[in-house]
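Me: I have this model open on my screen. Please take a close look at a single part of it and tell me how that part connects to the rest.

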Amino acid sequence: SKQQSQVGSYVQREDLKPGDLVFFYSPIHHVAIYIGDGKIIHTYGGPGVTISDLTKGNWNDHYATARRVL
């Protein structure tokens, strides 16, 4: 995810569009795909593929950056 966070073009959080990659933590070690309406799709550990709210809790607190790769 750290290497992915360095490709494509930077996207401001308020300009996210579905398909943008969203990165978390410092140093970056988690990536998700923005799917619109403040939601991300990602996977980690036991729950498998999960849809989470980017604007709440851990994901809001640990948001690092976003990139658009075309």
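In the hairpin of S3 and S4, how many residues lie between the strands, and which residue takes a positive phi?

Reply: Two things first. The model is predicted. The hairpin of S3 and S4 has 2 residues between the strands, and Asp37 takes the positive phi, near 55°.

Now the strands themselves. S4 covers residues 39-44. S3 and S4 run antiparallel and are joined by 3 bridges. Gly36 stands opposite Lys39 of S4. Ile33 has Ile41 of S4 as its bridge partner.

Keep an eye on Lys39. The side chain of Lys39 meets that of Asp53 in a salt bridge, 3.7 Å from N to O. Lys39 sits in strand S4 and Asp53 in strand S5, so this pair links parts of the chain that are 14 residues apart. Lys39 is partly exposed because its relative accessible area, 31%, falls between 20% and 50%. Asp53 also forms a salt bridge with Lys56; there the closest N and O atoms are 4.0 Å apart. Lys56 counts as exposed because its relative accessibility, 55%, is over 50%. Through shared partners, Lys39, Asp53 and Lys56 make up one salt-bridge network.

On to the other neighbour of S3. Strand S2 (residues 21-24) pairs with S3 (residues 30-36) in the antiparallel sense, over 4 bridges. Val22 stands opposite Ala32 of S3. S2 and S3 form a hairpin too, with 5 residues between them. In that turn, Tyr25 has a positive phi of about 75°.

Step back to the sheet. It is open and has 6 strands, in the order S1-S6-S2-S3-S4-S5, with antiparallel pairing. Strand S1 (9-10) and strand S5 (48-53) stand at the edges. Each of these has a single partner strand, so one side of S1 and one side of S5 have no neighbour in the sheet.

Next, the aromatic side chains. The whole structure contains 4 aromatic pairs. One of them is Tyr25 with Trp59, an edge-to-face pair at 6.4 Å centre to centre, with 70° between the planes. Tyr25 lies in the loop between S2 and S3, while Trp59 belongs to helix H1 (residues 57-61), so the pair ties together parts 34 residues apart in sequence. Trp59 is buried because its relative accessible area, 11%, is under 20%. Tyr25 and Trp59 belong to one aromatic cluster with Phe24, Tyr44 and Tyr63. A charged residue also meets this group: Arg13 lies over the face of Tyr63, 4.3 Å from the ring centre.

Last, the remaining salt bridge. The structure holds 3 in total. Besides the two at Asp53, Arg68 and Asp20 meet through their side chains at 2.7 Å, N to O. Arg68 is in strand S6 (residues 63-68) and Asp20 is in the loop between S1 and S2; they are 48 residues apart, so the pair links distant parts of the chain. What is the relative accessible area of Asp20, and is Asp20 buried or exposed? Asp20 is buried, at 2%.

Technical notes: Residues are numbered from 1 along each chain as its sequence is written. This is a predicted model: local features need pLDDT of at least 70, side-chain atom pairs count only at pLDDT 80 or more; totals for chains, interfaces and linings use all residues. Side-chain values use heavy atoms; hydrogens and water are left out. Two strands pair if DSSP finds at least two bridges between them. Rings of Phe, Tyr and Trp (its six-membered ring) pair if their centres lie within 6.5 Å; planes under 30 degrees apart count as stacked, over 60 as edge-to-face and the rest as tilted. Buried means under 20% relative accessible area, exposed over 50%, partly exposed in between (1.4 Å probe, protein chains only). A charge sits over a ring if NZ of Lys or CZ of Arg is within 6 Å of the ring centre and within 35 degrees of the ring normal.
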